[in-house]
Amino acid sequence: MGWEDDHLHRFRLHGREYGVFKLGGIGFTDDPYQVRLHEWQLRPKERFLYEYDFHANWQHQLRLEQILPLPATGRYPCCIGGARQTPPADCAGAAAFLTRRRRYSAWYIQQRLIEIAESLLEHDGDDYEEHLAGLHELRYWYTWERFDHRAINRQLQEYAAGTAAERGLGEEESDETDSACDT
């Protein structure tokens, strides 16, 4: 999802809960660094639940589409497709996100850009940080329907490299495949 893992979360699968323990959160019986997806023996079309930020109540139904043989070339994990960007992590849940999405029409974005430009010109750069934050938010809403699987694959490779380092694998072992996901 690209979120920063700042909130409590869990996976619910086959009547059990899995996740990483956080102080003040729920406990889990399994070591999350030892749990492997293949151990669940999921069947095609089977679903499980991923919950994130219990206060905002993000609930994601994940479904195994198909099990394919692993090609000799390529880096995994790998994103092969998707739609739109992830909602901002701290947008207070799905209903609040949809409300904000309706607010940020192309017309609204254009008007806010004009206001920011005029303010910067009038005040000779005062409130620069505030305007920069506003521009960053406008950029998100202007491009929110774009999906960049290459950027996601770069993030997945960074995650995989961190996981490989945690397991004590050297760089040679974690980097020996080429990047089939970058195409």
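Guide: The protein exposes about 13500 Å², of which carbon and sulfur atoms supply 51%; accessible areas come from the Shrake-Rupley method with a 1.4 Å probe, and for residues only the protein chains shown count as cover. This is a predicted model, in which local features need pLDDT of at least 70 and side-chain atom pairs count only at pLDDT 80 or more, while totals for chains, interfaces and linings use all residues. Residues are numbered from 1 along each chain as its sequence is written, and side-chain values use heavy atoms, with hydrogens and water left out.

Of the 183 residues, 24% count as buried (under 20% relative accessible area; exposed is over 50%, partly exposed in between, with a 1.4 Å probe and protein chains only).

Now to the rings. Rings of Phe, Tyr and Trp (its six-membered ring) pair if their centres lie within 6.5 Å; planes under 30 degrees apart count as stacked, over 60 as edge-to-face and the rest as tilted. By this rule there are 5 aromatic pairs. One of them, Tyr18 with Trp40, is tilted, with 5.1 Å from centre to centre and 55 degrees between the planes. This pair links distant parts of the chain, 22 residues apart: Tyr18 belongs to strand β2 (residues 16-18), and Trp40 to the loop between β2 and β3 (47-52). Strands here are DSSP runs (E, at least two residues), numbered from the N terminus. Both Tyr18 and Trp40 are buried. Ring pairs join Phe11, Tyr18, Trp40, Phe48, Tyr50 and Tyr52 into a cluster.

Terms used: Helices (H or I, at least four residues) and strands (E, at least two) are DSSP runs, numbered from the N terminus.
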